[in-house]
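Hello,

Here is the structure I promised to hand over. Please open it first, then read my notes below.

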Amino acid sequence: MSDFQIEIKGVSYSYPVREGYNVKAVKNLSLNIRKGEFVALTGMNGSGKSTLAKLLNGLFQPKEGEILIDGISTADESNMFEIRKKVGMVFQNPDNQTVATIIEDDIAFGPENIGVEREEIIRRVDEALEAVGMSEYRTRTTSKLSGGQKQRIAIAGVLAMKPDIIILDESTAMLDPNGRKEIMEVACRLNKSGITVVNITHNMEEAALADRIVVLRKGRIAIDGTPKEVFASGLIEACGLTLPPITELSRALAEEGFVFDGVVISDEELAEGICRLLK
Ligand SMILES: Nc1ncnc2c1ncn2[C@@H]1O[C@H](COP(=O)(O)OP(=O)(O)OP(=O)(O)O)[C@@H](O)[C@H]1O
Ligand SMILES: [Mg+2]
């Protein structure tokens, strides 16, 4: 058995646009992810993030190469059910991910569809609501929720399928700062409980919360490392992305003679660094 839960081996994917013309979205890409990792996947518009996400849960098949989830190939039709169950996806728009009006019915929909027993469904709905901090909303309607709450319900729906891996594809992009914070708190909590999280985002403050950042550029990996390594590399800017404001601020301060140890990626680090420099 491999050390990795997700193995992407030399994968390419292209979209047929018209006769004889394809858009190559993912190019000979290799990446391994361990169970329990929290990975931020970033890159400019069109760099291939969503395509890679859909390859991971078997919605798309590699044109070349292979993807293994817990050693199981996504290319084998007979594994599809298993793969979809293992890899849960949450998308961007909070308004089109619900299927039922009442929250508990919405969360029960997935497990009901795969024939999970009634008792077990009730248990799963309880656990999923608890995990996203929405237990008191069980019998309410989905329509009156805030964007952040709707996304938490979408995550609960995915959790009810007992996934090993959750992919958030820009799930905070349409939310206000509060909603973003809610979702990132849930993601961190789920990760601590052992679920592998892949958070697709353009937001580098969010990316900084991950253990590891993978930056895509034109369907390939531009850099893969810890947030500090990636922010220090210069490749964030080169890939058309923006460093977190706190990192920019620490750089501006460095130019004024306030030099910190390494790259600053959080408010706490900046505060500590300033205290040290003032002493
Ligand atoms: N259905 C499609 N048909 C044709 N080309 C597509 C299709 N979907 C995506 N592409 C192209 O594939 C490439 C990768 O797109 P993808 O959606 O994976 O990027 P992304 O990194 O998720 O971008 P974004 O940040 O805008 O969500 C882009 O060049 C895009 O135009
Ligand atoms: Mg996308």
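**Helix α3 against helix α4**

Start with helix α3, residues 103-113, and helix α4, residues 118-131: their axes come within 9 Å and cross at roughly 125°. Please keep in mind that this is a predicted model. The crossing of α3 past α4 is right-handed.

Which residues meet there? On the α3 side they are Glu-104, Ile-107, Ala-108, Pro-111 and Glu-112. On the α4 side they are Ile-121, Arg-124, Val-125, Ala-128 and Leu-129. By class, this contact has 7 nonpolar and 3 charged residues, and no polar ones.

**Around ligand 1**

Next, look at ligand 1. Tyr-15, Val-17, Val-23 and Ala-25 are among the residues around it. The shell divides into 4 nonpolar, 7 polar and 1 charged residues.

Three elements each give at least two residues to this shell: β1 (6-18), β2 (21-33) and α1 (49-56). Which of them supplies the largest share? It is α1, with 3 residues.

**Helix α1 itself**

Is α1 mostly covered or mostly open? It is mostly covered, with 6 of its 8 residues buried. The buried ones are Lys-49, Thr-51, Leu-52, Ala-53, Leu-55 and Leu-56. After α1 comes Gly-58, with a positive phi near 80°.

**Helix α5 against helix α6**

The other helix pair to look at is α5 (residues 147-159) with α6 (residues 177-192). Their axes come within 8 Å and cross at roughly 25°. Angles under 35 degrees count as roughly parallel, so α5 is roughly parallel to α6. Here α5 passes α6 in a right-handed crossing.

From α5, the residues in contact are Gly-147, Gly-148, Gln-151, Arg-152 and Ile-155. They meet Asn-178, Gly-179, Glu-182, Ile-183 and Val-186 of α6. This contact is made up of 3 nonpolar, 5 polar and 2 charged residues.

Best wishes

Conventions: Residues numbered from 1 in each chain as written. Chains lettered and ligands numbered in written order. Predicted model: local features only at pLDDT ≥ 70, side-chain atom pairs only at ≥ 80, totals over all residues. Axes fitted to C-alpha atoms, helices over the stretch in contact; angles between N-to-C directions. Helix = DSSP H or I, 4+ residues; strand = E, 2+ residues; numbered from the N terminus. Left-handed = near helix turned anticlockwise from the far one by under 90°. Contact = placed C-beta atoms within 7 Å. Nonpolar A, V, L, I, M, F, W, Y, C, P; charged D, E, K, R; others polar. Near = placed C-beta within 6 Å. Buried ≥ 20, exposed ≤ 12 C-beta atoms within 10 Å, placed from the backbone. Parallel < 35°, antiparallel > 145°, perpendicular 65-115°, else oblique.
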